[in-house]
Amino acid sequence: MVERSDRAPLLDWEEVPSAEKPEGAAPATPNAKDRPASPSNSRASPGCSTPGVGWSSGPGGPTPSRSVLNPDGCSAPPATSGDPADEDEALYPDTEEHLSDSGSREVTLEERMVKWEEKDQIVSVFVVTFNTRSGNMLEWCLPKDMDLEGVEFKAIASGSHRVTTDFIYFRKGNYFGLACFANMPVDSTVERGARMKSVGILSPSYTLLYRYMSFLEHQVRLQLQSPGHYSPLEAFYEDKRALLPPGGDGVVTACPANAWGAAINHSMHPEMKITHPAGCMSQFIRFFGEQIMVLWKLALLRRRILIFSPPPVGVVCYRVYCCCCLANISIPGIGVAVPEFRPFFYVNVADISALENELSYVACTTEKIFEEKKDLYDVYVDNQNVKTYRDGLKPLLRLSSADREKYRKLTEQRQMLLYSQEENGDCVSSEEDLFILFFLEQNNRIFQTLGEVAGSADPTLTQESVRAMGLDPHGDRLFLLHLLEIYGYDSLMVSEQLCCS
């Protein structure tokens, strides 16, 4: 077992702080600027990250020992709160009761969401290794009877030998996984000069996995340096193992229906905070530029989107997440009958049979062979090139005048936010907030207008009503027709004014 510290209560699987106080000294309170954002206060702390709804902000889980640095330069900044109450939460993340900002005990939506959320739901922990003779192999796992067939090809992505470290989100059956990969040079002819391993976990919800990123990073380094040292992983599993209903098929992917309408001021999206560092939304916008407006339409139409990119995989998994965030709608009842738009994250050839049965998804891959499997996807994104082989969707790849106007507004809002952060030290608002709410409000605007027109005496979409949605009456006509069909607005008629594009 890992040695315990007397600084603060640690579990057997948690990392020991690098510097300990002398025996008998009081536990040190970390400075605000040095303290990483803990899962328990990440929802309320005014750090540069999304406040969120509380789906992934419940108490429990390890406090990351350091910021996560991604290959694209995105790093997770620590929280910057000086509130003593927040410091207490950081030291005691398992506290069930938290005071609201006003100090009252009124039960907030966030608290109700946290109580609804299943807390620690780790259903498996595993170690995958690369063997020079046998390829990727499952080296160790708990529980021993867990069906992990194929996880060895998810936890070590194709092409990972080209990178030193990486992290991978993926889906395994009804569960979501997170694995941290590392590649260490060794003086061994048997291992051909390199030792590659990955340590990962499975959970019913991908929104909870971020809590354990730093632990997995530490453990994969430990496995490379001291192979076969599983006691911290065993202790971790015993502490965080899931209490699932019989059959274990419950997958937490959505918030309760009655919470949507009241939470519009909270970014309505399943968070991947902490491992989705402040700045990666900005990276997503800069990477795709105006093309994010094309991705927005395709996501709202619940199309099957596959993103190709060579390793590292972690940053591409964030692009999958960002695509999902484009399609949020907070109007009750909207989208109930359409396919769920959920992330598959990293996929490989072993996932082909699963993807064949999916009506709507967004995923990423490092395997170029997927481009030839045109029946598996509607849209193929090769780095920044968005393309489709479906004739009915090809016109949607062209930007309308309204698309360019929306992108201009988004860019202006980002610049104003960055100016405010630089000049006024505003760290409460974040680019992630801005990005999520920008598209949430746009989506709500469309469906609110559609609802008003559908309930009017003359349920006909005119140029004026289309402009009220923020769309181009001519350039967005095909997108609008697809939208009406998918979301079931059969009673709406389209004015002849929209017939020419």
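Reader: Is Tyr 169 buried or exposed?

Author: This is a predicted model, so read every value as computed from it. Buried means under 20% relative accessible area. Tyr 169 has a relative accessible area of 1%, so Tyr 169 is buried.

Reader: How do I read a pair of aromatic rings?

Author: A pair of aromatic rings is described by the distance of the centres and the angle of the planes. The count here comes to 22 aromatic pairs. Take Tyr 169 and Phe 345. Their ring centres are 5.3 Å apart and their planes are at 35°, so the pair is tilted.

Reader: Which parts does the pair of Tyr 169 and Phe 345 tie together?

Author: Tyr 169 lies in strand E3, and Phe 345 lies in strand E7, residues 342-346. The pair therefore ties together parts that are 176 residues apart in sequence. Phe 345 counts as buried, at 0% relative accessibility.

Reader: What angle do the planes of Phe 176 and Tyr 206 make?

Author: Planes over 60 degrees apart count as edge-to-face. For Phe 176 and Tyr 206 the planes are at 65°, so the pair is edge-to-face. The ring centres of Phe 176 and Tyr 206 are 5.3 Å apart.

Reader: Where do Phe 176 and Tyr 206 lie?

Author: Phe 176 is in strand E4, residues 175-185. Tyr 206 is in the loop between strand E5 (194-203) and helix H4 (213-225). The two are 30 residues apart, and the pair links distant parts of the chain. Phe 176 counts as buried at 1% relative accessibility. Tyr 206 is buried too, with a relative accessible area of 6%.

Reader: Which residues do ring pairs link into a cluster?

Author: The cluster holds Phe 284, Phe 287, Phe 288, Trp 296, Phe 435, Phe 438, Phe 439 and Phe 479. Charges sit over two of these rings. The charged end of Lys 297 is over the ring of Phe 479, 5.6 Å from its centre. The charged end of Arg 319 is over the ring of Phe 287, 3.8 Å from its centre.

Reader: How do helices H6 and H7 cross?

Author: Look at the axes. Those of H6 (residues 280-288) and H7 (residues 291-300) come within 7 Å and cross at roughly 105°. Angles of 65 to 115 degrees count as roughly perpendicular. H6 and H7 are therefore roughly perpendicular to each other.

Reader: Which residues of H6 and H7 meet?

Author: From H6 come Phe 284, Ile 285 and Phe 288. From H7 come Gln 291, Ile 292 and Leu 295. By class, the contact of H6 with H7 has 5 nonpolar, 1 polar and no charged residues.

Reader: At what angle do H6 and H8 pack?

Author: The angle is about 85°, and the axes of H6 and H8 (residues 314-325) are 10 Å apart. That makes H6 roughly perpendicular to H8. H6 brings Cys 280, Met 281, Phe 284, Phe 287 and Phe 288 to the contact. H8 brings Tyr 318, Arg 319, Tyr 321, Cys 322, Cys 323 and Cys 325. By class, the contact of H6 with H8 has 10 nonpolar, no polar and 1 charged residues.

Reader: What separates the C-alpha atoms of Gln 121 and Tyr 237?

Author: Along the chain, Gln 121 and Tyr 237 are 116 residues apart. Their C-alpha atoms are separated by 9.9 Å. Gln 121 is in the loop between helix H2 (109-116) and E1. Gln 121 is buried, with a relative accessible area of 4%.

Reader: Is Arg 162 buried or exposed?

Author: Exposed means over 50% relative accessible area. Arg 162 reaches 61%, so Arg 162 is exposed. Arg 162 lies in the loop between helix H3 (151-155) and strand E3 (165-172). The C-alpha atoms of Arg 162 and Pro 311 are separated by 7.5 Å, yet the two are 149 residues apart along the chain.

Reader: How many helices and strands does the chain have?

Author: The secondary structure comes to 13 helices and 12 strands. Buried residues make up 54% of the 501 residues in the chain. Among contacts between residues at least 6 apart in sequence, 69% join residues at least 24 apart.

Methods: Residues numbered from 1 in each chain as written. Predicted model: local features only at pLDDT ≥ 70, side-chain atom pairs only at ≥ 80, totals over all residues. Heavy atoms only, no water. Helix = DSSP H or I, 4+ residues; strand = E, 2+ residues; numbered from the N terminus. Buried < 20%, exposed > 50% of the residue type's maximum accessible area, 1.4 Å probe, protein only. Phe/Tyr/Trp six-rings, centres within 6.5 Å; stacked < 30°, edge-to-face > 60°. Lys NZ or Arg CZ within 6 Å of the ring centre and 35° of its normal. Axes fitted to C-alpha atoms, helices over the stretch in contact; angles between N-to-C directions. Parallel < 35°, antiparallel > 145°, perpendicular 65-115°, else oblique. Contact = heavy atoms within 4.5 Å. Nonpolar A, V, L, I, M, F, W, Y, C, P; charged D, E, K, R; others polar.
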